[in-house]
Amino acid sequence: MKFLVFKLILLFTITTVIQAENRPPSDAAALTAVLSTAVRKFLEPHNHFPGKTVSLKFSPPYTPSKSSRQAVEVVLTGFGYAITDNAHKADFSLDIAITDARVIIQPDNNGFSRTVLMQAHFKYLDSSRMVILASGHEEMYEDELSRQFLRQTDDSNHFCNNSMRITIEKYRGRVRLISFIILTGILVYFASQ
């Protein structure tokens with residue numbers, strides 16, 4: 001009996017570990033990864049200032065959470081910058097304005113297709129607030145989700161309060177057609193009265 005209980009516990013542990021390894025990133029983690037990629041792509045061709053101090057500023061409408069900001073700081077330190085909170089003592093300032101952050105879910109074959117879209121604008125300013133570099137980037141990430149992970153990955157509000165997940169229905173065209181027919185029927189009925 002003890003051997004059977006031990007086997008069941010071992011089987012449960014192994015299946016839980018396998019599921020955890022195959023678990024897709026959450027919406028917030030995917031949005032953070034897309035933001036980090038956009039920052040990396042902005043800095044790669046213009047990395048002329050390593051060893052300097054940089055202050056980081058995010059402008060509305062999308063202000064990322066603390067963990068997402070820390071991910072951007074990791075990217076900056078990877079390029080050799082020192083991060084400071086005091087904008088007046090920094091050699092440079094990186095202003096980031098995220099103008100769009102969406103997660104779009106669409107039914108696809110046996111699961112769901114997830115597309116993470118982000119549009120970010122960057123301004124690199126010197127200590128006198130003169131713009132040195134400015135650029136906009138649109139980044140995208142796509143993956144597949146199974147039905148079991150659809151609700152578990154829905155946490156885009158952990159990236160930013162106003163980022164959202166949009167679900168596109170598979171049969172939306174059919175619903176529109178039926179609604180149009182019903183509305184037309186009602187109008188014809190009242191027109192004939």
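# Close-up views of a predicted single-chain model

**Figure 1. Overview of the chain.** The secondary structure comprises 5 helices and 6 strands, where helices (H or I, at least four residues) and strands (E, at least two) are DSSP runs numbered from the N terminus. This is a predicted model, in which local features need pLDDT of at least 70 and side-chain atom pairs count only at pLDDT 80 or more, while totals for chains, interfaces and linings use all residues. Residues are numbered from 1 along each chain as its sequence is written, and side-chain values use heavy atoms, with hydrogens and water left out. Along the sequence, the elements follow the pattern α-α-β-α-β-β-β-β-α-β-α. Of the 193 residues in the chain, 35% are buried; buried means under 20% relative accessible area, exposed means over 50%, and partly exposed lies in between (1.4 Å probe, protein chains only). Among contacts with a separation of 6 or more, 73% join residues 24 or more positions apart, a contact being heavy atoms within 4.5 Å. The chain exposes about 12,500 Å², and carbon and sulfur atoms supply 58% of that area. Accessible areas come from the Shrake-Rupley method with a 1.4 Å probe, and for residues only the protein chains shown count as cover.

**Figure 2. Confidence along the chain.** The average pLDDT is 81, and 84% of the residues score at least 70; pLDDT is the predictor's confidence in each residue, from 0 to 100. Where pLDDT is low, the predicted coordinates should not be read in detail.

**Figure 3. The largest nonpolar core.** This core has 36 residues, of which L94, I96, I98 and F159 touch the most other members. A nonpolar core is a set of buried Ala, Val, Leu, Ile, Met, Phe, Trp, Tyr and Cys residues joined through side-chain atoms within 4.5 Å. At least two core residues come from each of α2 (27–43), β1 (53–59), α3 (66–78), β3 (92–108), β4 (111–126) and β5 (131–145). The most come from α2, which gives 9 residues. In soluble globular proteins, nonpolar side chains tend to be buried together.

**Figure 4. Surroundings of F159.** Leaving aside residues up to four places away in sequence, F159 touches A28, L31, T32, L35, T63, P64, S65, S68, I98, A101 and M118. One of these neighbours, I98, is itself among the core residues that touch the most other members.

**Figure 5. Helix α2 and its cover.** The 17 residues of α2 should span 24 Å at 1.5 Å a residue, and the end C-alpha atoms are 24 Å apart, which agrees. The expected span is 1.5 Å times one less than the number of residues in the helix. Most of α2 is covered, with 12 of its 17 residues buried. These buried residues are D27, A28, A30, L31, T32, V34, L35, S36, A38, V39, F42 and L43. Their cover includes β1, α3, β3, β4, β5 and β6.

Figure 6. The structure holds 7 salt bridges, each a side-chain nitrogen of Lys or Arg within 4 Å of a carboxyl oxygen of Asp or Glu. One of them joins the side chains of D95 and R129 (3.0 Å, N to O). D95 lies in strand β3 and R129 in the loop between β4 and β5, so this pair ties together parts that are 34 residues apart in sequence. D95 is buried at 5% relative accessibility, whereas R129 is partly exposed at 44%. Another salt bridge pairs the side chains of D100 and R102 (2.8 Å, N to O). D100 is buried, with a relative accessible area of 16%, and R102 is partly exposed at 29%.

Figure 7. T153 sits in the loop between α4 (147–150) and β6 (164–167) and is buried, with a relative accessible area of 1%. Apart from residues up to four places away in sequence, T153 touches P24, P25, S26, D27, R114, L145 and R165. Salt bridges link D27, R114, D143, D154 and R165 in a network. R165 belongs to strand β6 and D154 to the loop between α4 and β6, 11 residues apart. R165 is buried at 16% relative accessible area, while D154 is partly exposed at 44%.
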